[in-house]
Structures are given as C-alpha cells and as structure tokens.
Amino acid sequence: MTRTARPERHTWLLPSHLVEAARTGPDRPEGRPRRTVRDWVVDTVLFLLAAFVGLVAAETSAKYNGEAVALVDQILGGLAVCALWLRRRWPTGLAVVLSVVSVVAPTAGGALLAALFSVAVRRPFREVAWIGLLAIAASTVQVFVRPDPDTGVPLGISLGAVLILLVTAWGMLVRSRRQLVEALRDRALRAEAEAELRAQQAQRLAREAIAREMHDVLAHRLTLLSVHAGALEFRPDAPPEQIARAAGVIRDSAHEALQDLREIIGVLRSPGEGAEDRPQPTLATLDSLVAEVREAGMKVVLDSTVTDPDSVPASTGRTVYRIAQEALTNARKHAPGAEVTVTLRGRPGDGLTVDVRNPAPAGPVPPVPGSGQGLIGLTERATLAGGRMEHGPAPDGGFALHAWLPWPA
C-alpha cells in the first residue's frame, strides 16, 4: 500500500503518460490519460507562444495586405492556435493540417511549430521525419506564396527550415529523456520485484532450515516417548521397576523436547541473536547422545578413532551428530532391541566417515508413526556440506547407513 501511495503526492509534476504508466491494477483508468497540472501548464504556455507568434504575423499581414486578406489570416491563425488543445489526441493529423494551412496563412506558423514539437515527443523517428519534411516544404512554398518584404527569399527559407529543425530536435530530445525515465522506472520495478522474490526465497529457505532443525532435534526425543509409551501399553503387567524406569525416560524425554522446542522458538523470536544462541550440537556431544540412548535401554556400540572431536569443523561435527541421531532414532523405531554399531573414522585431509549398522529385528515390530522424511533430509544436509550419504538394507537383513563428509587439512 505504501509503495503505490508514495508517488501520488507529486504526480502533478509528471507528464500524464508517466503517471498512467506507473499505475497498475484495478485503479488504473481506461482510455486516454487525463492531463496533470504540469500538462495544463505546458499546454497553456504553448498556446500563448503560438498566439504571440500569430499576432506578430497578423500585424505584418495587415501592413502589407488588404483588410480581407488580413481578416482571413487572423481567423485561420486563431483557429490554428485553438486547435493546439487537440495536439495530445491527434498530433500527427494536426501537424499535417497546420502544415497545409501555413502555406496560405503565416499566422499559423507558431501553431505549426507547437504541433511539430508534439509529434517529435510522441511519435517514432520515421513518422517525425516525413512530417518534418512536409513542414519544411510548406514553409518553402509559403515564402513564394506569401512573401515577406522585410526578409528575402533565401533568408525566409533558411529561417523556416532552422526553426522547424530546432523544434523537432528539441521534441526528440524530450522523447529520448522520457524513454530513459521509463526504462529506469521499469528497471527499478524489476529490481524491486527481484528483491521481493529473493526475500521470499530466503524466507522459504530459512523456514526449511528451521523445519529440518526441528525434525532433527525433536524426532529423537519423541521417538523415545513413543517407544516407551508403547511398551507400557503392551506390557501393563511389567514389574514396577520397569514401569518406573519407562516413566522416568518419558518424563526426561518430554522435558528435553520441551527445552529444545523453546530454544528453537527463541531463535525465531530473536532473529538478531548470534549463532551461539542456537541449539547447535557438535561431534564432542556424540558421546552424550550415545549415553542418553543407552540409558533409554538401547544397545549401542560406539567405535571412534577421532581422538580430538573439537578439531573437527563445527558444521561437519554437527552434520555427523544429526546423522547418528537420525540413524539411532530409525533403529529404535524399526529394530527395537537390536544392537546398533556406530563407527567413526577419519582424519584431516581425508574426510570423516560415519557408518551406522543394525541387524534385523528379532520379531515383529509394531508400527510407529513417523514422517519417513528424515533420511531424505539427512542426504540433502550431507550434500550441502560437500559430502555424500548412502543408506539401504544390509545383506543380513538389517539396515546400513554410510556417510562421508569433508575434513579439510
């Protein structure tokens, strides 16, 4: 709303065609554009100048011609000057008619120059050229039909041609300037539209990143909740110690999920905060993740040759953490009770390799609701990090995940 309302305050300073071209949508009027205050000022000035030239020519005609000829000159000159108010609607036709009239009525010379200026402003060069040649021919013929005793024939022909060329050149200069303004306005509109598209794209990418982060952070916690709640549902006769343990895991997982969700929402509410305020795990927190799932009753073997996890780049370590987290979550969903092996190998310059494997489940697995998009998101995350990830069923009936990520030297 502000973008369209802001230019309306100064539209009276612009030509009508620029004002109408800037208006888009249902508010744009149909038909010929209405004159602005600037247009009325320009039309009035041209009318007065043409009337002044016509009066000077009428005085000269009255001095050297009879009363009848002088009266005809004054009438034709007055009609020619009044016809200038139609120059915006019919510029070409008016210029042609005034060129013919000026042959017999010198008082129409000022109106002819104004009409030529309008044609040069509004029409392409080819049309301006032949109308200008017609006006020069009419001016030349006028010198012989209505000679002026004060000026000779060569001077009259030269003066008429020079005035026509000057007015035409002036009009073409105004036209080129208007075209430049229109081109700059269109370029500004395109740049504004492109900037808006870039902002929308950046917003969409930010939303996708936040959605992936929420999935990676919450899927692990919510899976714990789902598995242990399902165990309580299918084993109501379990010993009190197991029920208490499952209830404790549910309570802790719900608390951690709530904390993670609060941190992400805090990032959304405070976009100016730094990256250190985001929930950003690293490779050093992989041991905490394994200890957490072990406490939940899952069998996990971590085999890592990376002795200094802090030396791994933060983005690479975060990606490794998310891959392991999603793989453990999937193993808990689809192979409960199976032992999961997480193997981590790598060194600077060779990259970092992550392998997560689990055997086939011992028995039937109850369905656990889930989106099924975690591995797709992890593959995209690994690709964006400059690595690659592969996953699929293993030969023994289990599931295997292999990922490689760059680790610069």
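Biologist: Which side chain meets that of D186 in a salt bridge?

Modeller: The partner is R185: the two side chains meet in a salt bridge, at 3.4 Å from N to O. A salt bridge here is a side-chain nitrogen of Lys or Arg within 4 Å of a carboxyl oxygen of Asp or Glu. Side chains of opposite charge can pair when their charged atoms come close.

First, some ground rules. This is a predicted model, where local features need pLDDT of at least 70, side-chain atom pairs count only at pLDDT 80 or more, and totals for chains, interfaces and linings use all residues. Residues are numbered from 1 along each chain as its sequence is written, and side-chain values use heavy atoms, with hydrogens and water left out.

Back to the pair. D186 is partly exposed, because its relative accessibility is 31%. R185 is partly exposed too, at 22%. The cut-offs are these: buried is under 20% relative accessible area, exposed is over 50%, and partly exposed is in between (1.4 Å probe, protein chains only).

The structure holds 4 salt bridges. Another of them joins R123 and E127, at 3.5 Å from N to O. R123 has a relative accessible area of 26%, so it counts as partly exposed. D350 and R347 also meet in a salt bridge, with 2.4 Å from N to O. In that pair, D350 is partly exposed at 46%, while R347 is exposed at 55%.

R89 lies over the face of W90, at 5.4 Å from the ring centre. The test is that NZ of Lys or CZ of Arg is within 6 Å of the ring centre and within 35 degrees of the ring normal.

The whole structure has 3 aromatic pairs. In one of them, the ring centres of W40 and W85 are 6.0 Å apart and the planes are at 45°, so the pair is tilted. Rings of Phe, Tyr and Trp (its six-membered ring) pair if their centres lie within 6.5 Å; planes under 30 degrees apart are stacked, over 60 edge-to-face, and the rest tilted. W40 is partly exposed, at 45% relative accessibility. W85 is partly exposed at 31%. The rings of F47 and W85 also form a tilted pair, with centres 5.7 Å apart and planes at 35°. Ring pairs link W40, F47 and W85 into a cluster.
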